[in-house]
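Thank you for sending this structure for comment. My notes are set out below as numbered points.

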Amino acid sequence: MWRVVYPLMLHYVLLTLGVNLLYWVILMVKGASEDFYDWSVWVNGWTSLFILPVFWWLYQRDWRLRGCWRRPGKLSVKDGVFSFLWGGSLAIILNIVFALLQIFQRFPTYGEQNQRMTGNVSVLWMVIWAAVVAPLVEELVCRGLVFRRLRDYLGKWPAIVISGVMFGIYHGNVVQAIYASILGILMAILVEMTGTLWASISFHMGANMISILYSSYAVQMAGWNDGMILAAFLALQFFLFWGGSFYFLNMWRKTKAVL
């Protein structure tokens, strides 16, 4: 199973090396007093951008070896929009469920580290690094390589579940392990249904982008019109979640896939 595991290992090694190298450069330029957390989003983002071509090449190489009859499909605009909105709405719902279950309170270090990492970064740069660059790299690795290769060896459902759990565990903490495992399984199902990695990329971008915007502006929205704006936003997310669920369930049925 080395062929399945090494893309994650390669991603971890390249990301670690790149992040440490960029942080070392920052220390040389700005001084040894610079806190890593103040720069973590930047160094992770730039490193992900630098290593993106490596995994794009591996992904393309995989498909060339599979033969013409297994070429990836194309994502329609409609499917892409639904993937994006479904991912965003599901991310918000999971955040609400986690809050109700007090999962964030049970693991306070997650919230503290997240606040330290994002506190000095503008929303625009968070969107660029976390909602555009990171999903591209992570989807190439986790769905484009790991899921596809697991499917070669184990078949559809084992590959969907195992790749999703691997995606969650790879995030390195309990909160994201649960959260990312759920999303990872759904993203693998999207790839299976649509035949294209762009479906999971769109879903992943939507999940990250809407989460960032919600985290950044939820307090302000709660203060507008006595909280009605926030209530309307959350109601919209529930509507989009169910709409996306029915849309993709119908698509699944049309593919005549066996549950």
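Predicted model: local features only at pLDDT ≥ 70, side-chain atom pairs only at ≥ 80, totals over all residues.

1. Residues are numbered from 1 along each chain as its sequence is written, and side-chain values use heavy atoms, with hydrogens and water left out.

2. Helix 7 (residues 156–170) has 15 residues and reaches 21 Å from its first C-alpha to its last, close to the 21 Å expected at 1.5 Å a residue; the expected span is 1.5 Å times one less than the number of residues. Helices here are DSSP runs of H or I with at least four residues, numbered from the N terminus. After helix 7 comes G172, whose phi is positive, near 85°.

3. In helix 7, the buried residues (under 20% relative accessible area, with exposed meaning over 50%, partly exposed in between, and a 1.4 Å probe applied to protein chains only) are K156, A159, I160, S163, G164, F167 and G168. Seen down the axis of helix 7, these buried residues fall within an arc of 155°, taken from the directions from the axis to the C-beta atoms, so they line one face of the helix. They pack against helix 6 (123–154), helix 8 (174–194), helix 9 (197–222) and helix 10 (228–254), where contact means heavy atoms within 4.5 Å.

4. A nonpolar patch on the surface is formed by M1, W2, V5, M9, Y153, L154 and I162, with about 700 Å² of accessible area together. Such patches take residues with over 30% relative accessible area and no salt bridge, nonpolar side chains (Val, Leu, Ile, Met, Phe, Trp, Tyr) being joined within 5 Å, and the areas come from the Shrake-Rupley method with a 1.4 Å probe. Helix 1 (2–30) gives the most to the patch, with 3 residues.

5. The count comes to 6 salt bridges, each a side-chain nitrogen of Lys or Arg within 4 Å of a carboxyl oxygen of Asp or Glu. One of them joins R3 and D152 (3.6 Å, N to O); R3 lies in helix 1 and D152 in helix 6, so the pair ties together parts that are 149 residues apart in sequence.

6. The side chains of R149 and D62 also meet in a salt bridge (2.8 Å, N to O), linking helix 6 to helix 2 (36–66) across 87 residues. R149 is buried at 1% relative accessibility, and D62 is buried at 3%. R3, D62, R149 and D152 are linked in a network of salt bridges.

Conventions
Helix = DSSP H or I, 4+ residues; strand = E, 2+ residues; numbered from the N terminus. Patch = residues over 30% accessible without salt bridge, like charges linked within 9 Å, V, L, I, M, F, W, Y side chains within 5 Å.
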